[in-house]
Amino acid sequence: MTARASRRRGRVPALVLAVVLLGGGCSEQPAGTLPSPEPTSAEPTPSPTVDRTGGTLRIGVAEPTTIDPGFVQGEAGQLVVDALFDSLVALDEDLRPVPAAAASWEINEDATRFTFTLADATFHDGTPVTADDFVRAFNRIARSAAGDEAAVAAFQLESVVGYTATLADGVDLEGVTATDDGELVIELESSLPEFLTVLADPALAPVPDSVDDDTFADNPIGNGPFQMGEPWQHGRFVRVVRFEQHERPPYLDEVVFTIYDDDPTLARQWDDLVAGQLDVGNVPAERIDDARETFGRSPDGFSGPGYLGGLTGTIYYFGFNVTVAPFNQRAVRQAISMAIDREAIATGIMQDSRAPATALVPPTIPGAARGACDHCSLDPETARTLLQEAGGTDLFDEPLEIVHNEGPTHEAIARAVADDITEHLGIETTVTAYPLDEYVGRLRTTDIGLFRFGWTASHPSAGSYLYPLFHGSRSGLDNLSRFDVEDVSDALDAARATIDDDARLLAWAAAEVDILRRAPVAPLLFYRQTLAVRERVQDFRRGPMGNVDWAAVWLDQG
């Protein structure tokens with residue numbers, strides 16, 4: 001297998017559990033047969049007579065946790081890192097891998113050895129980007145997993161040869177080697193054809209020797225289309241400027257990531273967006289209709305100008321601990337799921353900033369079995385019948401406890417779910433919240449029966465949801481439902497190792513249909529983008545994985 005493609009950038013963020021759990025304030029078709037999302041409309045092609053060079057784009061963000069690529073997490077930090085760094089590969093509009101820092105690559109027949117030929121590129125300080133810079137970056141991330149502050153991206157390297165030894169002894173990853181300055185080889189423990197898309201993670205970018213300097217955290221030196229214009233001004237902004245020596249020098253002179261550190265309702269950001277102080281900004285849920293009227297609608301939900309409301313790669317769901325009675329009965333789980341009015345939650349509480357979930361995997365993700373859930377729509381009559389057949393309300397000798405992590409949106413949703421269950425099934429309920437910093441620990445170590453959770457794809461594949469959440473080997477880890485069915489785990493293993501892309505997508509879709517049939521979770525909501533782009537901003541596209549091709553964006557200054 002050999003891939004050599006035209007160089008078009010784009011990004012996919014790493015999975016950020018804390019962001020998904022906090023995500024209450026963020027941004028159909030037949031089941032099991034359609035592995036990829038509907039095609040989006042083409043990007044606008046500017047007239048060749050238009051001068052696209054120059055200008056400052058201002059985008060509103062929260063205060064990043066970090067802009068160090070190896071430890072980046074959260075939307076704000078990832079947007080900045082995306083502008084500053086190139087990983088080995090990028091993602092095109094269809095979420096397929098294309099060259100970025102790597103000019104080309106070869107994959108052996110069983111997808112256990114990936115050999116990359118690097119493009120001729122430099123860091124922003126003028127030093128060449130070499131294979132050793134990737135080795136340094138990957139080892140730095142893997143070693144962090146043995147400490148108290150593990151890089152979010154560390155789990156992306158679990159399949160690399162030697163990862164376990166790196167965690168145990170702090171040695172270099174055996175499976176990541178530089179054969180010379182221009183060639184990087186990555187070897188995996190087992191077949192994983194999708195590892196190529198994993199490498200689009202912005203956290204897996206190369207880092208120079210200066211990564212160990214005290215100044216790197218606030219003034220990182222990258223290899224992307226933009227470089228730092230000055231050190232990060234905490235609480236105020238991050239300013240990045242055009243890097244002329246990049247293979248694709250951007251059109252913009254600079255991008256200013258304007259920080260809104262104390263703006264939980266997004267009210268100040270919205271006011272600045274309307275006043276023209278921002279070119280791109282996040283929209284409060286209660287202002288979505290105003291944003292559509294003021295800025296117009298995006299043609300496809302992902303491309304500006306206009307209001308962007310396309311589905312992202314995040315799902316919000318309620319999980320059942322299938323080892324705890326009465327949730328060890330599928331009929332009970334289905335009944336509870338069918339008692340929930342998802343449409344009312346999406347359009348009422350969330351004011352159209354979410355969409356009712358009709359499957360486990362968002363339809364924007366390759367391999368999704370769109371519309372595959374047969375228990376994800378309100379059907380009180382069937383729900384009551386299922387519950388009665390399973391044993392009725394006598395199964396609940398105490399009020400049904402619904403558990404969520406703290407946050408006003410999560411509480412509002414949990415109470416709506418509780419009210420639905422009581423109204424449609426006659427089950428008395430109670431709602432309990434725990435602080436975020438102890439929530440996941442409680443789910444992993446106690447017998448909580450019904451709980452709220454969320455998940456974001458680590459890479460654009462249905463497998464990045466199904467494998468961690470439902471494989472038996474992950475029970476009690478990410479698989480908080482303790483769902484452990486041998487046939488399902490075998491199917492997930494087989495799909496993960498399938499070399500042919502089309503066959504693998506179909507295998508993921510079939511596995512999702514089977515998992516949904518067994519109902520270990522109740523999918524609730526798909527997240528939408530909630531972003532507005534002013535009219536002068538051209539060729540700004542934020543894909544379902546959050547990927548932005550910053551080098552392509554330009555301003556109509558006419």
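Modeller: A charge sits over a ring if NZ of Lys or CZ of Arg is within 6 Å of the ring centre and within 35 degrees of the ring normal. In this predicted model, Arg-354 lies over the face of Tyr-527, 3.8 Å from the ring centre. Another case is Arg-496, whose charged end is placed over the ring of Tyr-467 at 4.2 Å from its centre.

Next come rings facing rings. The whole structure holds 11 aromatic pairs. In one of them, the ring centres of Trp-270 and Phe-295 are 6.2 Å apart and the planes stand at 85°, so this pair is edge-to-face. Trp-270 belongs to helix H6 (residues 267–274) and Phe-295 to helix H7, so the pair links distant parts of the chain, 25 residues apart. Trp-270 counts as buried because its relative accessibility is 6%, and Phe-295 is buried too, at 14%.

The pair of Tyr-317 and Phe-453 is also edge-to-face, because the planes meet at 65°, with 6.0 Å between the ring centres. Here strand E14 supplies Tyr-317 and strand E18 (residues 450–456) supplies Phe-453; the two residues are 136 residues apart. Tyr-317 has 4% relative accessibility and is therefore buried; Phe-453, at 1%, is buried as well.

Phe-257, Phe-540 and Trp-550 make up one aromatic cluster. In soluble globular proteins, nonpolar side chains tend to be buried together.

Beyond its neighbours within four places in sequence, Ile-186 is in contact with several residues, among them Leu-88, Phe-114, Phe-116, Phe-138 and Phe-195. Thr-112 and Arg-113 are also on the list of contacts of Ile-186.

Ala-111 is a residue to look at for its backbone. Ala-111 lies in the loop between strand E5 (102–107) and strand E6 (113–118), and its phi is near 55°, a positive value in a residue other than glycine. Most residues other than glycine have a negative phi. With a relative accessibility of 0%, Ala-111 counts as buried.

Methods
Residues are numbered from 1 along each chain as its sequence is written. This is a predicted model: local features need pLDDT of at least 70, side-chain atom pairs count only at pLDDT 80 or more; totals for chains, interfaces and linings use all residues. Side-chain values use heavy atoms; hydrogens and water are left out. Helices (H or I, at least four residues) and strands (E, at least two) are DSSP runs, numbered from the N terminus. Buried means under 20% relative accessible area, exposed over 50%, partly exposed in between (1.4 Å probe, protein chains only). Contact means heavy atoms within 4.5 Å. Rings of Phe, Tyr and Trp (its six-membered ring) pair if their centres lie within 6.5 Å; planes under 30 degrees apart count as stacked, over 60 as edge-to-face and the rest as tilted.
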